Protein chains: 2
Amino acid sequence: MSQAASGIDLETSLGYLMKEVSSALRIEMETVLRPLGMTITHYSCLELLAQRPGLSNSALARGAFVTRQSMNVLLMALESDGILTRLTRPIAGRALPAELTLKGREQMARASAAIKSVEERMKRTLSPDEEAVLKDLLKRCAQSLPSDPEEQAN
Amino acid sequence: MSQAASGIDLETSLGYLMKEVSSALRIEMETVLRPLGMTITHYSCLELLAQRPGLSNSALARGAFVTRQSMNVLLMALESDGILTRLTRPIAGRALPAELTLKGREQMARASAAIKSVEERMKRTLSPDEEAVLKDLLKRCAQSLPSDPEEQAN
DNA sequence: TACTTTATGTCAGAATACTGACATGAGTCA
DNA sequence: TGACTCATGTCAGTATTCTGACATAAAGTA
């Protein structure tokens, strides 16, 4: 009886629970990445580039769920640190493909192993079937969420 | 089979999917809160206080998944805007209970209705049973995640 | 009692991400 | 061709959150 039709009950809200899990996940990821001198966005960028070399700044931003402005700041720092390289001139359009250097791939491998251990811990009580169910439900939530204006082109 | 034993496959990673959903949820929440002049943390604080009047700064920070320093910045702003009041002297310990003003409760009601519509949209394809399953699985993920040091007392 | 631990509030500075704006390249269409 | 739309890269400024540090109050402990 804590909540009538108009309101959110924190105890039973799916959104609140989602935030709880993602917050715990974020904290654990930050905890294992900190000794490596990396942030979550930094790691995400490397993981994306490792799996899909040649992604542009904007594409990396979408994949890491930040704005292209934020990703751009990171890319410039990573480039000056020798973690990745970008073309100096676009091949088509304005996109500048980026690629990991050897140093970048080494850093990525260390981070990826650390993150994998976190993910394994998160789902340690889930059976394979349960994990599949969870993924299916999450995907349906993700698909239902966006309001029409095409994901907001910011 | 893009990934061997050591690494994360973005296409099938539960963690990445989780981030995708929480990012979409965050964007939608920000979209409906912006016209009301509120951020997610701002709303979270009000919702927590509406349901549990008298919470302290630290307790609100835990409930909104931010640091107590961040929550303190927000609380000072909300207090000067007449959204809430805090005791000037602690009753016990150092905690200063906060409570919404009438203005705060009105603001909260508008925000809560907007957020509820987002949550309803997110789970519109889920049956009641499926929602219950999703909550159960998410809870188990949340419980499995924390590494020992008691949630990091920062 | 005295010491230690834990929880809290707060100040200061740094890091990170965001919004707004502008220019450029490519495609669409009248 | 010219006008329009869209995606991209980038600059500038703002906002939000974080880490680090210190002081205080309560509770546990030797």
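**Figure 1. Packing around helix α2 of chain A.** The buried residues of α2(A) pack against α1 (14-33), α3, α4, β1 (84-86), β2 (98-100) and α5 (102-122) of chain A. The model shown here and in the following views is predicted. Helix α2(A) is mostly covered, with 9 of its 12 residues buried. These buried residues are His42(A), Tyr43(A), Ser44(A), Cys45(A), Leu46(A), Glu47(A), Leu48(A), Leu49(A) and Ala50(A). From its first C-alpha to its last, α2(A) reaches 16 Å, close to the 16 Å expected at 1.5 Å a residue.

**Figure 2. The largest nonpolar core.** This core has 66 residues, and those with the most contacts inside it are Cys45(A), Leu46(A), Leu49(A) and Cys45(B). The element that gives the most to this core is helix α2 (residues 40-51) of chain A, with 6 residues. Leaving aside residues up to four places away in sequence, Cys45(A) touches Leu60(A), Ala64(A), Met71(A), Leu74(A) and Leu78(A). In soluble globular proteins, nonpolar side chains tend to be buried together.

**Figure 3. Helix α3 of chain B.** In this helix (residues 57-64), Asn57(B), Leu60(B), Ala61(B), Gly63(B) and Ala64(B) are buried. Seen down the axis of α3(B), the buried residues fall within an arc of 165°, and therefore they line one face of the helix. They pack against α2 (40-51) and α4 of chain B. Phe65(B), which follows α3(B), has a positive phi, near 60°.

**Figure 4. The surface near DNA strand D.** Around DNA strand D there are 24 residues, of which Ser56(A), Asn57(A), Ser58(A), Thr41(B) and Val66(B) come nearest. Two or more residues of this surface are given by each of α3 (57-64) and α4 (68-80) of chain A and α4 (68-80) of chain B. Helix α4(B) gives the most, with 4 residues. By class, the surface near DNA strand D has 13 polar, 8 nonpolar and 3 charged residues.

**Figure 5. The contact between chains A and B.** Chain B and chain A each bring 50 residues to the contact. On the side of chain B that touches chain A, the elements giving two or more residues are α1 (14-33), α2, α5 (102-122) and α6 (128-144) of chain B. Helix α1(B) provides the largest share of this side, 14 residues. The side of chain B that touches chain A divides into 22 nonpolar, 14 polar and 14 charged residues.

Definitions and conventions: Residues are numbered from 1 along each chain as its sequence is written. Chains are lettered from A and ligands numbered from 1 in the order in which they are written. This is a predicted model: local features need pLDDT of at least 70, side-chain atom pairs count only at pLDDT 80 or more; totals for chains, interfaces and linings use all residues. A nonpolar core is a set of buried Ala, Val, Leu, Ile, Met, Phe, Trp, Tyr and Cys residues joined through C-beta atoms within 7 Å. A residue is buried if 20 or more other C-beta atoms lie within 10 Å of its own, exposed if 12 or fewer, and partly exposed in between; C-beta atoms are placed from the backbone. Two residues are in contact if their C-beta atoms, placed from the backbone, lie within 7 Å. A residue is near a molecule or strand if its C-beta atom, placed from the backbone, lies within 6 Å of it. Ala, Val, Leu, Ile, Met, Phe, Trp, Tyr, Cys and Pro count as nonpolar, Asp, Glu, Lys and Arg as charged, and the others, Gly among them, as polar. The expected span of a helix is 1.5 Å times one less than its number of residues. The arc is that of the directions from the helix axis to the C-beta atoms.
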